[in-house]
Every structure is written in structure tokens, then in C-alpha cells.
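Subject: Structure for you to look at

Dear colleague,

I am passing on the structure we talked about, and below it you will find my notes on what came out of it. Please read them with the structure open beside you.

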Amino acid sequence: MNRKTLLNVGVPLLSLVLLLLLWQGIVVVFHVAPYIAPRPMAAIRSVTDNWSTLWPLVLGTIRETVYGFACGAVLGLTLGAVMAKVGFLQRLVYPVLVLSQAVPTIALAAPLVLILGFGVGPKVVIVAWIVFFPVAVNVLDGLSHVDQDLVNLARVYGAPRWRTFVHIEVPASATPIFTGLKIGATYAVGGAIIGEFLGSEGASLAIFQEHANANFNTAAVYGTTMLMTVIGISWFLLVIGLETLATPWQRRSVARRYRWRR
Amino acid sequence: MGKTFGETAALAPVTLDVADGSFVAVVGPSGCGKSTLFNVIAGLLEPDEGEVRVAGVDVTGTTGHVGYMLQKDLLVPWRTVEDNITMAARLTRGVTPEDRAEARRVASGYGLGEFLRHYPSALSGGMRQRVALMRTLVTHQPLLLLDEPFGALDAQTRLEMQQWLLQVWRETGRTVLFITHDVDESIFLSDRILVMSPRPGRVVADLGNDLPRPRDLGTLVEPQFVTLKARIMSLLHEDLS
Amino acid sequence: MKLSRVRIGILAGSLVLGTVALSGGGASAKALTNVTFAYDFPGPDFELVPLVVAQDRGYFAQAGLKVKIVFPPNTSTTTKMLALGSADIGMLTTSDMVIAVNAGAPVLSVANYSMHNNWGLFALPGTSLNASTLKATLKGKRIFSYGDTWTESMLPFVLRYAGLSTSQVKVVTDPTGYDLTFLLAHKVDVSTNTTNYELPGWAGSNKPGHLSELLGTKVGAPDVPIWTYAVTRGYASAHGATIRAFLSAVKKATIWAAKNPAAAAGEFDMAYPKSGYTDAYNKLGWSLTVPILTNASGQYFTQTSAQWTTLARALKGIKLITNVKPPGVYYTNSYQP
């Protein structure tokens, strides 16, 4: 386990370091002016130097991401389950869902701001909009492909349909459900940033970057981009962590002892 | 108890009376309607005509009155062995501490006590079928329907499982309906053998089997065994010879 | 930096590349010098009138120039286009100029586009905007900003005059929105813009009454020019004559357009029929721009050291730059006719 962890963590870190070195190399060798592209250290330092300003903005973006993701996940899970169980609703709703994703996020934000104002509302809606679709599709997929023999067995036992759903169909769909959540998690932060950019009250991470851009502070532009990326990756890793906690049987052969369950 | 059936599309009219505590084997090639028969008894299918009665009660088209086991063990990978054994309770009225205690007892009694907290992926095929049978046993249904439960196991494991099944049947006194392709298996295990034939699916023979119990490997070469086997084989391969 | 736009059917941030064909003057076979001019906004609007007039009335051709007008993808890219050489001459806000120079970009202002600061606060007819009651009017209110440097530079003056700190107001930022829409939807209480853009926008909304207006200069903002023509130092040393020719043509055009505002606006409409702005909007906008093009002595273009030093000091005060450079670093008048 130790060597494996070392590889899993070490190799990505190594490629990251190599990327930064390449960046540094390009800037130095081609004498790129600092207002066109900064050196990596300048970008990083712009974040660390301004940390006291940036930290509340980061928290704001995280808050929007988490709320939006929660709403999107719940909506996606519900829609996916309803579509799986009610055939005609699936035929009715599925095309509308696909259409919803064809709307570009930026076009979505403008009317949202007019309706919901400049607070956290539009950002949460945008993130939920982005997240719910992959979740719904994967939930539908998972629930449609549960082993029918298992479902029949439950029927033979005399199980009511809701118990079969909760104890058989949902756990059987764990893998696709988490796939949907992971996909949603990847795009969630980007949605929050777009929402912030298209209307923020007070300061936000996107507006901070916009100001930096207008003020020729290219180091800060790159730095905030790196910051946003870190937030996005962290959220993704968190969802993976959630999956690891929720699906112990995929990694272990013996269950942990939980006294509270007995 | 008794069972009377009507017909479904895959099965010609069948009338069947099964005595309490007996072990009935059902032998036949594919398409002879054996699984359909089981599905009607279990309540998964409604017969076009006729009824199913268990212990005098009409249970046609309803579920929850038989134990049921397939060739696939159908253990859920996300639950431990113990939780798999208590699955029927979880799916109906909820799991009680008594259910859990019984699961532990049954598992320990049949040699799987150390594996209670293992996930099914850690068990061999034979062990998994044992867990599946335990799951079926703890439902306390008087009638057990076993549809080729050992079909996917290797010959060695199959023999062990057959002997183990006989031991369990002896100890619990349930009524067992057992589907198999394997003629040897059908004779080895049962008191009574129903031979079925396809096109249309129907029972062509109802044979008694009074080979003495307890049975062991020696039973397999007894003259009575061989006679019965020849009889069944000729019935099964009538259209071929 | 343009602060307001009427968006009729135009998606925000779309790149519009306009090429205005040169209408030939005389039958001269002289080779024309190519000049690429970058506007400060992603699409054409009435502040482009002097250049349109210079094209249409042949002033560029007479000066031996063939000018191609390009538009940046967003409002903060013109400076970079100059620095990278994708444009020769550009129009910038003076605040962007100062910040670019301080960041090391070798840009140089060669002429003022306009002379006065016509930026201000705006509110719906019901709300009164007065210098004397400013604190009460602004406290706790939502103030709209486009997030651009000019607004960022001017707002602190206003807040200081009103005796308010930034935490006592809610500054709402949307770089791609349109401030009047939010004002009319009551999503913001006070908007910020320049008069020549805001008033035509209000007129175009067909709402009754007059927009409440308070000029920034009345509440502490310095009266310094907003827009300027700029080049890179490298271009200036290599093509000084071209810059001179360009500025003389544009000055001629500006003077003519100032004397004939309606006709000038009409020429813009014809050059850019798909600009997205109505003829009435362009006419009103240009006529509101004319008064701010000249200084107290009636001069066009002439820059002063005082304007640059004042602006730089203001920017340093709000920490957008770290030091005030000598004014000669920011500008020169030596290419003007």
C-alpha cells in the first residue's frame, strides 16, 4: 500500500513540477515580457502575497461550488431515479434534459442575474445546472442495468418495491452514480467562476482576476487561474474520497468492524 | 402440502402433489419448462389456468412463500456474508438482532463462521453457494426451490455440496424441489424424480426413488441406482434414439 | 474603455473585425502606408466617428495612409495588441495607459482623444443624486461597476467625498452586462458610466423622465481626460512621420465632425450599419461627446504633464501602481500637428 500510494501521489506531483519547469524555461529562453506571461514563481507569489485578500474569495467560490453541487446532485439523483422507474416520464423528460445542456453557460447567466440578482443565487443555479445532467444520466443508466435475477429474487422473498429499490437497485448502481458525481464535480468549479464573472456583489475570485487582467497584473491572472484549478482538483478528490468511504467492498475483502451496526 | 397447476405458454398442464419433507428432483433438457414451473410456484409468473397451494393456502401469483436459489448465487457484493444471509429479512420486515444471531449460528454451524465479515468477492464459488443456501434457509420457508444450484461448480465441489445439502435437508426437514440437468445428481439426492420433456414442456414420468438413506459414494454404483438411471436416460433421449 | 453599450442582438464579447475600405481621393498612384488601428472596445460605436470621417472624407488618403480598423476581443486587450505588434496605433483609457507603462509595457500616449472627465453616477428618475446628500444616497446601496480600471480609479474619490468606506456600500461588478438593464430591473440602485454613453442609452429605453446624473468631477474626482491615442515607443521611433500624418488626418476629421455632428454621426451609421446601435443613439452620443473634446483654450489633442501626474498619483493612492513616473514617460505631444 505504501509503495502504491507513493506512486499514485508522487508521479502526478512530478509531472506538475516538470510542467512548471517547462513554463519557466519558455519564459526565460524566449525573453517573454512579464506583462505577457509571468514566471511561475511570480504567479505563485501573487497568490501567497495576497492570501489575506484571496482567502475569503476562495471560501466564497467553494461555498457556491458546494451548494450548487449538492443541489445538482440531489436533482440529478431524483430525476435519474424517477426516469428509471416511470417509463413515459423518461421519454418525456430525457430530451429536455439533453436540450438543457446545449444552452451555453454564459447565455444562461445573463437572465439568471436579472432574476436572482448578484448574490450567490445565480452561481448556485449554474453549478447545479452543470452537475445534474451527468448525475441523472448515470443514475438512469445504473438503475436500468441492475441484474434482473437479483430483482426477481427479491420479489420471491416478497419484498415490496421500495425496499428492493433501496437495498438492491441503488447499491447495485453505486459505480455509475459515483461516475456521474465525479464528472459533475470536475465541472462544478468552472461553473461557479462563470457565474461570478457575470455578476458579483462585492469581491469574488473571478472579479479579482478580471481586475488583475485590466490592471496588467499578469502574474495575478495566472496565479488566480492556478488557484481555481487547485480548488477544482480538491473538490474532485473530495468526491473520490466520498466514494472510497461509501463503497468499501470495492477495495477490501473484509469489512471494518463498526460496533454501532450490531 | 400439495400443488396443483394449470398451464402457461411454456408448460403444458401439470398437476403435482408434493409430500411434506420430501426431496423431489426435476430432470429434463433445456426448454422443457422446469424453470417456468418454478417461477409459477414462486409466484413470479401467473399460470393461465389453475392454482398453487402451499400447506393448503392458495398462493397463486403471490410471492414470499418459498425459498429460492439459482445457479447464480446472487450474493450482493456490497454486503458482508452475514448481511447477505439476513437479506430476506432486510427486504421484508427489517433485520432484528435475532436474525443476526441466527445468521451467525447457521454460518458457524456449517463451517463459515470465520467469514461472516468477509465480502462475497473473497469467497470461492462453493462457499458462495453455501452462503446462498443459508440465506434461503433462514427464511424458514417450508418449501425450497433450488434451480440447478451446483451447475456452475466443478465436479469435486459439486459432490461436497450435494452431501452437505443432504445433511442440511436431514437436519431441517424442509420440502425441497430440485432442478438439475445431471441425472446422477437427481437420483443421488431425491425421493422422487419428475422427468420433463420439451415441445411442449410437460412431465413425462413421475418416478419413485427409495434408495436407502443415508446415501454415500457407494450409492452411485448400486444396481438400483443404475437401473433408475437407465430408465431416466431412455425417457430423456427418446427422440434421439 | 467604454462603459456602456446598447446591446441589440449582439452577444457579449463577440469579436467584430471591421475593415473600412478606403474611398479613393485623387487618382494618385503614390503607395499608401498601411496603419492598423485598434479601438478600445470589441465593437464599433460613435466614439469611432473621427476615424470614420477621416476615412470617408479622404483625409487618410491625403495624408498617404491606408488605415485598417480592428477591434480587440475584450476591453483589456488593446494595450497588449500594441505591445505585441498586432496594432500600430490604438485608443486606450488613460488609466490603462498609466498601469501598462508602470507594468513595463512600452506604450506612449501621443494625443488626448477627449479633454474632460465625463464619468459620473446615474440613477432612476425617482432617486435624487446630489453632492450634498451623497452619503445618505449611497450608504448601503448597490453601486454598479463594469470592473474596469477607470471606474475602479474614480469610485474611491466619490466614496471619500461621501465619507463612506467600501464596506459601507455594495459594489456590484459585471464586466459583460449592461448597467441600464440592471438599473431598470432594480437590481442595482446607482450606476456608473460616462455621460455620452449613458444618456443615449436612457433615451433609447423609452422610459419617461430624465435619468438622475451626478458628474464625478463634482464629487471629488479629478478632471482628467479619459481616452487617448497611443503607440509603442518602438513604433514611434521607427514611424514618427506616420504618426504625425495619422494625427493630422484625425484632427482634421475631429474638427469637421465637431462642426457637423449630425452628418458625422450619419457617416458612422453608413460605415457600420450593423453596429447594433440606432442612428438616434449614435447622433445623441456623438453630440454629447463633442463638448468634451476641447480644453479651456479650445485645443484638441494637447496633453499636459499635470493631467498625467494627477492621474498617476490617484492610481498610486488606490494602490493600482506603486510609483508615479515622470510625466514624460507616459506621454508626448511631439507628434501632433
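**Chain B**

In chain B, which has 241 residues, 42% of the residues are buried. Please keep in mind throughout that this is a predicted model. The secondary structure of chain B consists of eight helices and ten strands, and its C-alpha atoms fill a box of roughly 55 × 45 × 30 Å along the principal axes. Does the radius of gyration of chain B agree or disagree with that of a compact globule? It agrees, because a compact globule with 241 residues would have a radius of gyration near 18 Å, and chain B has 18 Å. If you look at contacts in chain B between residues at least 6 apart in sequence, you will find that 68% of them join residues at least 24 apart.

**Chain C**

Chain C is divided into two parts, with domain 1 covering 33–116 + 225–329 and domain 2 covering 119–219. The centres of these two domains of chain C, taken over C-alpha atoms, are separated by 25 Å, and the contact takes 16 residues from domain 1 and 14 residues from domain 2. On the side of domain 1 of chain C that touches domain 2, at least two residues each are supplied by α4 (94–102), α12 (279–289) and α13 (305–317), and the largest share, five residues, comes from α12(C). By residue type, this side of domain 1 of chain C divides into nine nonpolar, six polar and one charged.

With best wishes

Methods
Residues numbered from 1 in each chain as written. Chains lettered and ligands numbered in written order. Predicted model: local features only at pLDDT ≥ 70, side-chain atom pairs only at ≥ 80, totals over all residues. Helix = DSSP H or I, 4+ residues; strand = E, 2+ residues; numbered from the N terminus. Rg over C-alpha atoms; globule rule 2.2 N^0.38 Å. Buried ≥ 20, exposed ≤ 12 C-beta atoms within 10 Å, placed from the backbone. Contact = placed C-beta atoms within 7 Å. Domains from an automatic or database assignment. Nonpolar A, V, L, I, M, F, W, Y, C, P; charged D, E, K, R; others polar.
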